[in-house]
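Here's a quick tour for anyone meeting this structure for the first time. Have a look at the sequence and the model, then read on.

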Amino acid sequence: MDERNYHVDVIDSEGRSESCEMEVRQNGDDCQIELFLRGQIYTGVAEDFFDALCVVRIHIEPDGFLLNCYGASKNVYPSRASRQMSSGRQAYQMTMGYPAERLVSIFDSGLDTQPATVDEQRRFYEDWLQSL
């Protein structure tokens, strides 16, 4: 079993940011993420880490929380190859009208992170595909 801990910022509906712990583990074919936020544990399990992160995000979004990491950034989405090669730990940063070239770790963040809901991220990805 492969396990790692990360610290990720979570932004609430009023724009305040707080650091939370995230445990990431792979056990066989299952990728699991546990986010510890304000005394609650939010869990996502899927075939890859990007999808597991999306499950966690779907759990916290109704309470007005967004993750501030590349995996939850509006303009980041994995390719089939990046999902297979990294179990979804890496994804491409996209710019409308241009092929994606920059791979980022979904658990990292930067000044260019654009926190978004799962639906906003998927819509951006679909719009980006149409822009090529």
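## Checking a helix

The expected span of a helix is 1.5 Å times one less than its number of residues. Keep in mind that what you're looking at is a predicted model. Helix 1 covers residues 49–60, so its 12 residues should span 16 Å at 1.5 Å a residue. The end C-alpha atoms sit 17 Å apart, which agrees.

## Around helix 1

## Arg25 and its partners

Searching the whole structure turns up 10 salt bridges. One of them pairs Arg25 with Glu3, with the closest N and O atoms 3.5 Å apart. This pair ties together distant parts of the chain: Arg25 belongs to strand 2 (residues 17–27) and Glu3 to strand 1 (residues 2–11), 22 residues apart.

Arg25 also meets Glu23 in a salt bridge, at 2.6 Å from N to O. Are these residues buried or exposed? Arg25 has a relative accessible area of 13% and counts as buried, because buried means under 20%. Glu23 is buried too, at 16%, while Glu3 is partly exposed at 39%.

## A salt-bridge network

Glu14 and Arg16 form another salt bridge, their closest N and O atoms being 2.9 Å apart. Glu14 is exposed, with 60% relative accessibility, and Arg16 is partly exposed at 48%. Through shared partners, salt bridges join Asp12, Glu14, Arg16, Glu18 and Arg38 into one network.

Terms used. Residues numbered from 1 in each chain as written. Predicted model: local features only at pLDDT ≥ 70, side-chain atom pairs only at ≥ 80, totals over all residues. Heavy atoms only, no water. Helix = DSSP H or I, 4+ residues; strand = E, 2+ residues; numbered from the N terminus. Salt bridge = Lys/Arg side-chain N within 4 Å of Asp/Glu carboxyl O. Buried < 20%, exposed > 50% of the residue type's maximum accessible area, 1.4 Å probe, protein only.
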